[in-house]
Amino acid sequence: MPTILGQNQYGKAENRVVKIVRDGDTHHIKDLNVSVALSGDMDDVHYSGSNANVLPTDTTKNTVFAFAKEHGIESAEQFGIHLARHFVTSQEPIHRARIRIEEYAWERIATSDANSRFIGADDVKHSFVRKGQETRVTQITYDGESWEVVSGLKDLTVMNSTNSEFWGYVKDKYTTLKEAYDRILATDVSARWRYNWTSDEQRMPNWEKSYEQARKHLLHAFAETYSLSLQQTLYQMGSRIINSRSEIDEIRFSLPNNHHFLVDLEPFGLKNGTDDGAVYFAADRPYGLIEATVLRDGVEPKIPVDMTNL
C-alpha cells in the first residue's frame with residue numbers, strides 16, 4: 001500500500017447549548033458552544049468504509065444536549081469532563097476525547113425600582129442582556145488515564161490611556177516610528193492557561209472560582225503595570241496569575257497591539273498634545289502582535305505556540 005493513515009479524529013462541532021435553571025422566579029443561564037472530537041481504532045472506516053467502530057456524530061450531538069439536562073452545567077470545564085469521560089469509557093474503540101467549549105456570558109437586566117409605575121418591575125429576575133466582553137473558552141482532553149484542561153478567554157478588550165511608553169528601540173534606515181513617552185496601550189487579550197490537575201486522584205479545582213480569579217489578576221496586572229512595552233505587560237499578567245493561582249502552571253498570551261496614533265492637527269492651527277488630552281486615530285491594521293508563554297519554574301510548556309485552533 002503506497003499510503004498509510006495518519007492522525008485522525010471525528011465528531012460534531014459547534015453544538016449550541018443553552019441551559020436555563022429555574023430557581024423559583026429567579027432564572028440562571030449557561031450558554032455554551034460545544035465541539036466534540038473523538039479518536040481511536042478508526043482505521044477500517046477510512047480504508048474500507050466499515051462503520052463498525054463509528055459512533056455517529058449525531059449521537060455525540062444528542063449526548064451533549066442530554067448531558068446538559070442530566071448533569072447540568074456547573075462550569076464549562078466540569079461539563080467537558082463529564083462528556084470526555086463518557087465517550088472514552090462507554091465506547092471501546094474510542095481512546096481519546098477532546099471537548100472544546102466556548103461560553104457566552106449573560107447578566108441580568110436591571111429593572112425599575114419598587115416605586116416604578118410598572119407593577120412588579122422590581123421582581124423581574126428572568127431578563128438578561130448578553131455581555132459584550134470576552135468569550136470564555138476551555139479544552140478538555142482525556143485518554144482514559146490522564147486529563148489535560150486548558151482554559152482561558154479571548155476578545156477581552158482592555159486599554160490604558162496613559163502610563164505607557166515605547167522608546168529606546170532599534171532603529172535602522174527603515175524606521176520612521178517616533179519614540180513615545182506617553183501613549184495609549186490597548187489590546188484584545190487572548191489567553192490560555194493550563195491546569196496542573198491531570199488525574200482523578202487529585203483534588204479538582206473550583207473551575208468557576210479559578211476562572212474569575214485568573215481574569216481578575218490578569219486585569220489588575222494590566223492596570224497596575226507602568227508599561228515600557230507590551231511584552232513587559234504580558235509577562236506581568238502571566239506572572240500575577242501563576243503566582244496567585246497554584247492550580248495553574250502555564251499561560252500563553254496572544255496580544256495584538258491596537259495602535260492609537262496622535263492625529264496631526266497642525267494644518268488646522270490646533271496643537272494635539274497629551275498634556276490636557278488628545279485626539280487619536282485608532283488603527284485596526286496592521287498591528288503589532290505580541291505572543292509569549294509564562295511558566296511556573298521547572299514546568300515544561302505544553303500549550304501550542306499557535307493558538308489559532310485552540
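Which side chain meets glutamate 224 in a salt bridge? Hi everyone, let's start there. The partner is arginine 240, with 3.0 Å from N to O. A salt bridge here means a side-chain nitrogen of Lys or Arg within 4 Å of a carboxyl oxygen of Asp or Glu.

Before we go on, a word on the model. It is predicted, so local features need pLDDT of at least 70 and side-chain atom pairs count only at pLDDT 80 or more, while totals for chains, interfaces and linings use all residues. Residues are numbered from 1 along each chain as its sequence is written, and side-chain values use heavy atoms, leaving out hydrogens and water.

Back to our pair. Glutamate 224 sits in helix 4 and arginine 240 in helix 5 (residues 230-244), so the bridge ties together parts 16 residues apart in sequence. Helices are DSSP runs of H or I with at least four residues, strands are E runs of at least two, and both are numbered from the N terminus. Glutamate 224 counts as exposed because its relative accessibility is 56%, while arginine 240, at 27%, counts as partly exposed. The cut-offs are under 20% relative accessible area for buried, over 50% for exposed, and partly exposed in between, with a 1.4 Å probe and protein chains only.

The structure holds 16 salt bridges. Another one joins arginine 85 and aspartate 200, at 2.8 Å from N to O. This pair links distant parts of the chain: arginine 85 is in helix 3, and aspartate 200 is in the loop between strand 8 (185-195) and helix 4 (207-224), 115 residues apart.

Aspartate 58 and lysine 61 also form a bridge, at 2.9 Å from N to O. Both lie in helix 2, three residues apart, which is about one turn of the helix. There is a network of salt bridges too, linking Lys30, Glu77, Glu103, Arg136 and Glu208.

Now, how do helix 2 and helix 3 pack? Helix 2 (residues 57-70) and helix 3 (residues 76-90) pack at an angle of about 130°, with axes 11 Å apart. That makes helix 2 oblique to helix 3. Angles under 35 degrees count as roughly parallel, over 145 as roughly antiparallel, 65 to 115 as roughly perpendicular, and the rest as oblique.

Who touches whom? In helix 2, Thr60, Thr63, Val64, Phe67 and Ala68 meet Phe79, His82, Leu83, His86 and Phe87 of helix 3, where contact means heavy atoms within 4.5 Å. The residues of this contact divide into six nonpolar, four polar and no charged.

How values were computed:
Axes are lines fitted to C-alpha atoms, for helices over the stretch in contact, and angles run from 0 to 180 degrees between N-to-C directions. Ala, Val, Leu, Ile, Met, Phe, Trp, Tyr, Cys and Pro count as nonpolar, Asp, Glu, Lys and Arg as charged, and the others, Gly among them, as polar.
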